[in-house]
Amino acid sequence: MDKTKSIQSKVWFHNARSDAKRNRLDKLAELIAEAGLVSKISRGDLVAIKLHWGEPGNVGHLPPPYIRPLIEAVRAVGGKPFLTDTNTLYTGLRRNAVDHVQAAAMNGFSLTTLGVPVVVADGLKGFDGRDVPLAGGGTVKIASAILDADAMLVFTHVKGHMLFAYGGALKNLGMGCTTPAGKQFLHSDLRPVVQAKHCTGCGDCIQRCPTACIALSGEEGSTQRVARIDKARCIGCGECTATCPHGAIPIRWASSPDLIQTKTAECALAALAGKQDKVGFVNCMINLTPDCDCCDWNDPPFMADVGFLASTDPVAVDVASADLVAAGKPIPGSVADGGPADPWRAIVDIDYRVIFAHGEKIGLGRQDYGLVKL
Ligand code: SF4
Ligand code: SF4
């Protein structure tokens, strides 16, 4: 028998309720202290606070004040916090560090508003990364500022995701700490195909495609023009699938939806290389929107605010977060209303727990957790 499976990881939890005596930021501060997230941080440590400040246009991302308790906790032990994320693979305002820092400020994350620097971890154009070995073989490019930081605290807005169904700490770590080359490696199994019968020829996907590999064309004798993808130049970023207002580009995989999950778990482990126990994870289960904050829009939340979780185990904190939603009831009229019993599967009907199982298999953390309710 594998004895490690009987050992639980602790996950601390505060619900989202608050009153005049204790607001949500008080609860977050208590959670961070109880979980011991900054206990290993030494005076002078450069502490990466990895988060996703959202694409401009998305207003479902975490509001900036939620990050203050973590910044204050790091400062209280003498650490030097900075907010960080990496450049994207797709078009938008986070594809290079100049646009990216401006995008962060537009969404309220800046030195002026929060008193900490914003550092784009993979440099001006996303080339500043180093190869780190993956558990399953090969290497991935992890952003240099992530690797060079003395400690890392991963602050995650839990929400849905069109490729993963559940988007939590492992996604924030695994996808969010790679350079664009690493992200391309993660997406390489994605094979979008346009369903001509649903395409109206609006051209929205063409505007968003980073490799300009989509064009409109029509059959001879027909006035209808539909989008077509040049597969040789497609990098599988998924931007067209997320963009199409008519659902004409469904997600398709060369193999299965499991592969991006197992690869992301391996990249998450790579992102933590060299940090030993100087890592911690906070999952914020508020504004539970169906789509990633990478989208420049946001559908209304599908579940009422749940609360906050913290742990030093990224697998356990994600399993606990996923379970809280899986056991809940969707908001009437939301995208999950009337869908599968597990609301995550209303976002995309896949086995989204593959990433947890693989994370455990490679030693990233444990799926078995004990929830400590504060
Ligand atoms: S966005 Fe959708 S409907 Fe518009 S051209 Fe592209 S595939 Fe067709
Ligand atoms: S066609 Fe390929 S490269 Fe272009 S947006 Fe879609 S997935 Fe990305």
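Which residues of helix 2 (residues 68–76) are buried? In this predicted model, they are Pro69, Leu70, Ile71, Ala73 and Val74. An α-helix has 3.6 residues a turn, so residues three or four places apart point the same way. The buried residues of helix 2 pack against helix 1 (24–34), strand 2 (46–50), strand 3 (80–85), helix 4 (111–114), strand 7 and strand 12. Helix 2 is followed by Gly78, which has a positive phi near 90 degrees.

The protein contains 13 helices and 14 strands. Its C-alpha trace spans about 70 × 50 × 45 Å along the principal axes. The radius of gyration is 20 Å, which agrees with the value near 21 Å that a compact globule of 374 residues would have. Of the 374 residues, 50% are buried. Among contacts with a separation of 6 or more, 76% are between residues 24 or more positions apart.

The protein is divided into two domains. Domain 1 takes in residues 8–188 + 256–373, and domain 2 takes in residues 196–243. Taken over C-alpha atoms, the centres of domain 1 and domain 2 are separated by 31 Å. Where they touch, nine residues of domain 1 are in contact with nine residues of domain 2. The side of domain 1 that touches domain 2 has five nonpolar, four polar and no charged residues.

Strand 12 (residues 279–285) is one of the elements that the buried residues of helix 2 pack against. How many of the residues of strand 12 are buried? The count is seven of seven, and the strand is described as mostly covered. In a regular strand the side chains alternate between the two faces of the sheet. In strand 12, Val279, Phe281, Asn283 and Met285 point one way, while Gly280, Val282 and Cys284 point the other way; all of these residues are buried.

Strand 12 also has paired strands. Strand 7 (residues 151–157) runs parallel to strand 12 and is joined to it by six bridges. In this pairing, His157 stands opposite Cys284 in strand 12. Strand 13 (residues 307–311) runs antiparallel to strand 12, and five bridges join the two. Here Val282 stands opposite Ala310 in strand 13.

Is Leu324 buried or exposed? Leu324 counts as buried because it has 20 C-beta neighbours inside 10 Å. Leaving aside residues up to four places away in sequence, Leu324 touches Met285 and Val306. Met285 is among the buried residues of strand 12. The C-alpha atoms of Leu324 and Gly307 are separated by 9.7 Å, and the two residues are 17 residues apart along the chain.

Two ligands come next. Around ligand 1 there are 14 residues, of which Cys199, Cys202, Asp204, Cys205 and Cys244 come nearest. This shell divides into eight nonpolar, five polar and one charged residue. Ligand 2 is surrounded by 15 residues, and the closest are Cys209, Cys234, Cys237, Glu239 and Cys240. The shell around ligand 2 has ten nonpolar, three polar and two charged residues.

The backbone has some further points to look at. Most residues other than glycine have a negative phi, and most peptide bonds are trans. Ala165, which is not a glycine, has a positive phi of about 70 degrees. Its place is in strand 9 (residues 165–167). Ala165 is buried, because 24 other C-beta atoms lie within 10 Å. Ala212 also is a residue other than glycine with a positive phi, near 50 degrees. Ala212 lies in the loop between helix 8 (204–208) and strand 10 (214–218). With 9 C-beta neighbours inside 10 Å, Ala212 counts as exposed.

Conventions
Residues numbered from 1 in each chain as written. Chains lettered and ligands numbered in written order. Predicted model: local features only at pLDDT ≥ 70, side-chain atom pairs only at ≥ 80, totals over all residues. Near = placed C-beta within 6 Å. Nonpolar A, V, L, I, M, F, W, Y, C, P; charged D, E, K, R; others polar. Helix = DSSP H or I, 4+ residues; strand = E, 2+ residues; numbered from the N terminus. Buried ≥ 20, exposed ≤ 12 C-beta atoms within 10 Å, placed from the backbone. Domains from an automatic or database assignment. Contact = placed C-beta atoms within 7 Å. Rg over C-alpha atoms; globule rule 2.2 N^0.38 Å. Pairing = 2+ DSSP bridges.
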